[in-house]
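Please open the structure in your viewer and keep the selection tool at hand. The tour below moves from one selection to the next and says what is found at each stop.

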Amino acid sequence: MSENPSTTSAGEASVDRRRRTKLRLNSSMIIGGVLILLIVALALVSFIWTPYGPSAVDPVARLRPSSPEHLFGTDRFGRDTLTWIMYGARITLMVGIVAVGIAVLIGTPIGIVAAVFAQYPWGTWLGAVIMRANDILLAFPALLLAIVFAAVYQPGTGPAMVAVGIAAIPGFARVARSGTMQVLGSEYVRAARASNRSVPAIAIVHVLPNIASMVIVQASVAFAISVLAEAGLSFLGLGTQAPVPSWGRMLQESQQFLSTQPELALWPGLFIALAVLGFNLLGDGLRDRFDPKMEARGNG
Amino acid sequence: MISYVANRAIQFVLALIVASVVVFALMSILPGNAAQVALGTNATPEAVAALEAQYGLDQPPLIRYFDWVGGMLAGDFGTSYVTGAPITPVILASVQVTGILVIAAIILAIVIAVPLGTFAALEQRNWIGVTISALSQIGIAVPNFLAAIILVIVFSLTLGWFPSQGWMAPVEGLGGFLIRLVLPVVSLALVQAAILTRYMRSAVLDVMREDYIRTARAKGLTRTKALFVHGLRNAAIPVITVAGVQLATLLVGAVIIEQIFVIPGIGSELVRSVANRDLVTVQGIVMVLVLLVLVINFIVDVLYPIVDPRIRNAS
């Protein structure tokens with residue numbers, strides 16, 4: 001990481017900080033950001049206006065292709081697809097925000113604590129145990145954990161969000177741990193420790209600002225995974241339940257009309273892909289920006 | 001090397017034990033009662049009590065846990081509360097189907113990704129390299145179920161080349177088996193190939209900057225030849241790790257693909273058991289899936305030093 005101060009002298013570090021405060025955009029960030037803004041805008045506008053009501057049915061205009069009246073066509077009940085896409089954006093974003101929120105708030109402290117424990121002779125084994133437990137959680141992929149939750153509790157958006165959030169914890173714990181290890185091993189932290197500051201105090205003052213960028217990148221990636229997991233779960237009928245509009249369920253319901261009205265699958269599929277693409281690109285762009293070494297190498 | 005493998009094996013067994021406790025706790029303690037779940041909320045207390053007694057659910061959790069684990073170690077996953085049938089044959093039959101799907105998919109993904117990623121790295125500044133990179137970025141964003149639907153629309157409903165759903169065991173007819181395998185396997189493989197292409201590309205880019213490649217070039221080898229003779233083995237190391245992780249992802253991703261193509265794999269069994277509120281079967285299937293994920297991780301860990309002598313010597 002470029003932020004690793006142990007490899008830079010004091011002068012370089014201040015140059016580095018100045019460069020960091022100036023927001024340099026790259027193409028991945030711009031495209032990803034625009035896609036995410038589009039979906040956020042769809043969700044926000046849906047609270048004020050949608051072309052039709054979500055449950056407004058038009059029996060004479062069922063399974064219609066795109067037209068000026070119904071921009072994205074209609075489903076088997078004659079409901080407006082664009083309206084449903086707009087409402088679906090809400091669920092997609094809500095699941096992502098809650099799931100990533102859970103994972104950041106639990107995973108990041110776990111990683112920091114594991115790294116801090118490793119600084120003490122008495123805590124090395126404890127830090128190792130925490131990370132081993134973390135690795136075991138990795139054996140439960142998001143979709144599998146969400147299916148288990150749907151089996152134990154009623155299938156729904158709530159259990160889905162929690163399950164996806166729990167499954168994302170290990171990623172944040174790993175990132176936070178390695179970032180904290182780097183910071184705690186750096187020269188200025190050793191200087192702070194020499195002046196009798198305790199490790200937990202150092203962790204709060206020096207670690208949090210320095211690992212924030214890594215956590216943000218991880219959050220973007222985890223958001224993309226949660227969009228996929230929610231869509232997949234709803235596609236299986238184990239996520240968001242009718243009548244709440246969800247992209248995954250729209251895609252699932254489109255399946256029986258694939259030969260007569262394939263457009264029904266096109267729109268939810270397109271928006272799921274755009275959302276995932278948006279968060280993946282944003283994550284890539286941020287990673288490149290926080291780590292110029294990667295950018296110079298031409299990765300991404 | 002031996003101590004390294006032994007160390008990994010101990011970690012594997014520990015992880016398996018902890019995972020079994022987690023699965024059991026999730027399924028058996030949190031919701032209260034599997035019999036209640038199986039019978040539904042309208043069941044009379046007498047009916048619930050009868051079912052509990054029948055399947056030993058009135059026993060303390062610790063005894064039920066050891067019964068369950070002991071049964072699994074002996075190859076017996078118990079009896080479904082809903083169908084009354086033994087679970088083991090169901091799991092064995094369906095896991096084979098999923099295994100075929102997943103292994104075929106990872107092989108296809110590797111066959112696509114290794115040449116594409118290498119090419120994208122060698123032609124980095126070219127439009128071809130840029131196009132491959134952009135396509136792989138888009139490919140990652142397409143969930144496998146969307147790929148499946150697009151493939152069905154194009155190759156099944158429009159062109160009529162492949163059936164849109166169904167499954168045939170290889171013994172029933174190899175032609176029928178293969179033709180039904182194509183679309184599900186391609187839908188599973190495309191996303192993984194896209195991810196793998198990106199890893200392959202950056203692995204090759206990393207290797208191309210190594211001193212030994214420069215030395216080989218200085219000795220007169222072309223860029224491509226230096227890569228093929230000296231570089232690819234080193235580029236393979238990160239790619240093998242990623243492919244292992246992907247194999248685990250595919251196992252779970254197959255759940256949705258099996259639903260779309262009506263394939264009797266372990267994912268279809270899992271979804272059906274969830275819909276039937278058949279918690280014992282769900283518990284068994286989840287444990288099998290977690291076991292497979294852990295086994296894959298273990299194999300990747302052990303393969304690592306074999307491919308990379310530096311790790312072997314370090315340990």
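**Before selecting anything**

This is a predicted model, in which local features need pLDDT of at least 70 and side-chain atom pairs count only at pLDDT 80 or more, while totals for chains, interfaces and linings use all residues. Residues are numbered from 1 along each chain as its sequence is written, and chains are lettered from A and ligands numbered from 1 in the order in which they are written.

**Chain A as a whole**

Select chain A and colour by secondary structure: there are 11 helices and zero strands, where helices (H or I, at least four residues) and strands (E, at least two) are DSSP runs numbered from the N terminus. Of the 300 residues in chain A, 50% are buried, a residue being buried if 20 or more other C-beta atoms lie within 10 Å of its own, exposed if 12 or fewer, and partly exposed in between, with C-beta atoms placed from the backbone. Among the contacts in chain A with a separation of 6 or more, 71% join residues 24 or more positions apart; two residues are in contact if their C-beta atoms, placed from the backbone, lie within 7 Å.

**Helix 5 against helix 8 in chain A**

Next, select residues 142-152 and 199-235 of chain A, which are helix 5 and helix 8, whose axes come within 10 Å and cross at roughly 45°. Helix 5 of chain A is therefore oblique to helix 8 of chain A, since angles under 35 degrees count as roughly parallel, over 145 as roughly antiparallel, 65 to 115 as roughly perpendicular and the rest as oblique. The axes are lines fitted to C-alpha atoms, for helices over the stretch in contact, and angles run from 0 to 180 degrees between N-to-C directions. The crossing of helix 5 of chain A with helix 8 of chain A is right-handed; a crossing is left-handed if the near helix is turned anticlockwise from the far one by less than a right angle, and right-handed if clockwise.

To see the contact itself, show Ala142(A), Leu143(A) and Ala146(A) from helix 5 of chain A together with Ile225(A), Ala229(A), Gly232(A) and Leu233(A) from helix 8 of chain A. These residues divide into six nonpolar, one polar and no charged, where Ala, Val, Leu, Ile, Met, Phe, Trp, Tyr, Cys and Pro count as nonpolar, Asp, Glu, Lys and Arg as charged, and the others, Gly among them, as polar.

**Ala146(A) and the core**

Which residues does Ala146(A) touch, not counting residues up to four places away in sequence? They are Ala160(A), Ala163(A), Val164(A), Ala229(A) and Leu233(A). Ala146(A) is also, with Val164(A), Ala168(A) and Leu289(B), among the residues with the most contacts inside the largest nonpolar core, which has 177 residues. A nonpolar core is a set of buried Ala, Val, Leu, Ile, Met, Phe, Trp, Tyr and Cys residues joined through C-beta atoms within 7 Å. For the largest share of this core, 19 residues, select helix 3 (residues 81-117) of chain A.

**Where the chains meet**

Now show both chains: the contact takes 37 residues from chain B and 33 residues from chain A. On the side of chain B that touches chain A, helix 12 of chain B gives the largest share, seven residues. That side has 33 nonpolar, four polar and no charged residues.

**A helix pair in chain B**

Select helix 5 (residues 88-122) of chain B with helix 8 of chain B, which pack at an angle of about 35° with their axes 5 Å apart. Helix 5 of chain B passes helix 8 of chain B in a right-handed crossing, and the residues of this contact divide into 24 nonpolar, four polar and one charged.

**Backbone details in the loops**

Most residues other than glycine have a negative phi, and most peptide bonds are trans. Go to Pro243(A), in the loop between helix 8 and helix 9 (247-254) of chain A, where the peptide bond from Ala242(A) is cis, with omega near 5°.

In chain B, centre on Val262(B), in the loop between helix 10 and helix 11, which has a positive phi of about 50°. Val262(B) counts as partly exposed because it has 13 C-beta neighbours inside 10 Å. Finish at Arg277(B), in the loop between helix 11 and helix 12 of chain B, with phi near 60°; Arg277(B) has 17 C-beta neighbours inside 10 Å and so counts as partly exposed.
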